[in-house]
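Subject: Structure handover

Hello,

Here is the structure I promised to pass on. Please open it and keep it beside this email while you read.

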Amino acid sequence: MSQVPRFRTVLSCSLLVVSLVTAAAACSGSDSNPLASTPFDAGGQISFSGSKGHGKADPNKPLEITTKNGSGRITDVTATDASGRRLAGELSADGTRWHSTAPLAAGAHYTLRVAIENGRGRPGNRKFTFDTKSSSHRLNATFGPQAGEYGVGQPITAKLSAPVKAKADRAKVERALKVDSVPAVVGSWYWVDSKTLHYRPKDYWPAHSKINVHSNLNGIKITGKLYGGAAKPLKITTGDRLEALTDAGSDVMTVKRDGKVINTIPVTMGKPGFSTRNGVKVVLGKEYYVQMKSSSIGIAAGSSDSYDLSVYYATRVTWSGEYVHAAPWSVGSQGVANTSHGCTGMSTANATWFFNTFHKGDLVSVVGSAGDTMTPFDNGFGDWNLSWDKWRKGSALVAGKQADSNPTDTARLRPAAF
């Protein structure tokens with residue numbers, strides 16, 4: 001077989017290698033490719049408004065970077081505060097000016113990095129640091145509840161030190177208030193009023209969750225001269241999923257732990273005229289002893305409905321005075337008839353068990369009562385009585401973006417759903 005083709009192939013490859021080496025050598029000179037040069041110090045060719053040599057920058061004024069005397073063009077600018085938040089900005093079409101498009105944070109330390117190219121295309125860069133003035137008008141947030149373990153129904157609360165009314169301003173605040181959990185959940189803030197927010201997941205928290213709440217609001221401009229302040233972070237956990245569902249029609253409470261029935265308790269509830277509230281409630285606290293007087297709910301002393309009772313093992317579910325408690329005087333009616341003034345009464349033994357089993361954040365629900373549904377925010381934590389669609393509409397970030405597919409919330413109140 002002839003060897004000529006093989007020789008020609010080798011020769012062709014050799015020529016290709018030589019050509020590539022020659023081309024690489026031609027590109028290796030820094031004079032022909034200015035971008036390959038070591039960047040020069042661009043400090044003398046750029047200037048910026050702010051505090052360089054003139055004290056702290058005013059956070060109410062934009063940051064501006066310009067090139068001096070047409071000495072080149074800006075190719076990149078980053079301005080980052082000590083928290084890692086990057087300042088948004090915009091570069092002019094000719095590359096000679098960059099300016100911030102978002103307010104600087106107050107009382108912040110910024111690192112500014114600027115990259116330019118000179119008239120010959122050679123790169124340069126420079127790093128600056130500067131501080132911004134603090135603001136005496138601060139919006140502080142206080143998170144609740146206190147650190148600890150809670151039931152799976154416990155909402156997170158944020159109390160603001162000043163009112164925030166405009167939707168755009170509320171969005172700034174809400175975007176900076178962070179709730180992270182393990183396992184992760186879908187959740188949202190709800191503006192109860194101009195100074196109060198509640199956060200809850202779409203469904204109850206998973207049992208044994210770890211929940212971290214923190215704020216990125218510090219230094220952020222809210223409106224006018226009002227800037228965000230610092231907030232103490234919060235860490236809570238959840239325990240087992242404990243739920244008590246009472247059917248006012250049968251006067252029986254069914255208690256579940258993590259979905260499994262662990263107890264059924266005969267009870268008595270609110271009689272006609274004093275019907276117990278329907279809906280989902282969250283345990284607010286426990287009191288071993290409470291002196292209950294009818295005058296506290298507007299019943300005149302000496303009337304047929306007046307009372308003055310020493311009550312033990314009282315688990316509170318509303319601020320207005322609805323409890324699950326021991327009612328030894330009504331044992332004969334428990335499981336048979338409703339005779340109370342709105343509380344859920346049970347034997348002392350059963351009330352002791354309930355008191356020792358349930359804790360803050362656990363769920364206590366009522367169905368089948370002639371009473372109104374527990375209100376969401378003004379008498380404890382009735383947050384779960386709002387459908388998820390309605391809850392989302394209380395957010396400044398998503399309000400109005402999702403149709404309310406459930407105009408009534410009664411499905412939650414059916415015993416079959418328990």
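**Ground rules**

This is a predicted model: local features need pLDDT of at least 70, side-chain atom pairs count only at pLDDT 80 or more, and totals for chains, interfaces and linings use all residues. Residues are numbered from 1 along each chain as its sequence is written, and side-chain values use heavy atoms, with hydrogens and water left out.

**The whole chain**

The chain has 418 residues, and 42% of them count as buried. Buried means under 20% relative accessible area, exposed means over 50%, and partly exposed lies in between (1.4 Å probe, protein chains only). The accessible surface comes to about 21,300 Å². Carbon and sulfur atoms hold 53% of that surface. Areas come from the Shrake-Rupley method with a 1.4 Å probe; for residues, only the protein chains shown count as cover.

There are four helices and 28 strands. Helices (H or I, at least four residues) and strands (E, at least two) are DSSP runs, numbered from the N terminus. Now look at contacts, meaning heavy atoms within 4.5 Å. Among contacts with a separation of 6 or more, 64% link residues 24 or more positions apart.

**A hairpin and its neighbour**

Two strands pair if DSSP finds at least two bridges between them. Strand β7 (residues 109-117) joins β8 through nine bridges, running antiparallel. V114 has R126 in β8 as its bridge partner. The two strands form a hairpin with five residues between them. In the turn, G121 has a positive phi of about 85 degrees. Strand β8 (residues 123-131) also pairs with β1 (residues 40-41), in the parallel sense, over two bridges. There, D41 is partnered by N125.

**The five-stranded sheet**

This open sheet runs β22-β21-β20-β28-β23, with mixed pairing. The edges are β22 (260-266) and β23 (279-282); each has a single partner strand, so one side of each is left without a neighbour in the sheet. From one strand to the next, the twist averages 20 degrees. Angles run from 0 to 180 degrees between N-to-C directions, and axes are lines fitted to C-alpha atoms, for helices over the stretch in contact. Strands β20 (residues 242-247) and β21 (residues 252-257) are antiparallel, with six bridges. T246 has M253 in β21 as its bridge partner. Helix α3 packs on this sheet, touching β20, β21, β22 and β28 (363-367). Its direction makes about 140 degrees with that of β22.

**The four-stranded sheet**

Another open sheet has the order β24-β25-β26-β27, again with mixed pairing. Its edge strands, β24 (285-293) and β27 (344-346), each pair on one side only. The twist here averages 35 degrees from one strand to the next. Three bridges join β26 (residues 323-326) to β27, in parallel. V324 stands opposite T344. Helix α3 (residues 348-357) lies across β24, β25, β26 and β27, at about 40 degrees to β25.

**Helix α2**

Which residues of α2 (residues 167-176) are buried? They are D169, R170, A171, V173, E174 and A176. These pack against several strands, including β9 (138-139), β12 (156-160) and β13 (177-182).

**Single residues**

Y312 sits in strand β25 (residues 308-316). Y312 is partly exposed because its relative accessible area is 35%. V398 lies in the segment after α4 (388-392). V398 is also partly exposed, at 21%. Its C-alpha atom is 9.9 Å from that of W189, 209 residues apart along the chain.

Best wishes
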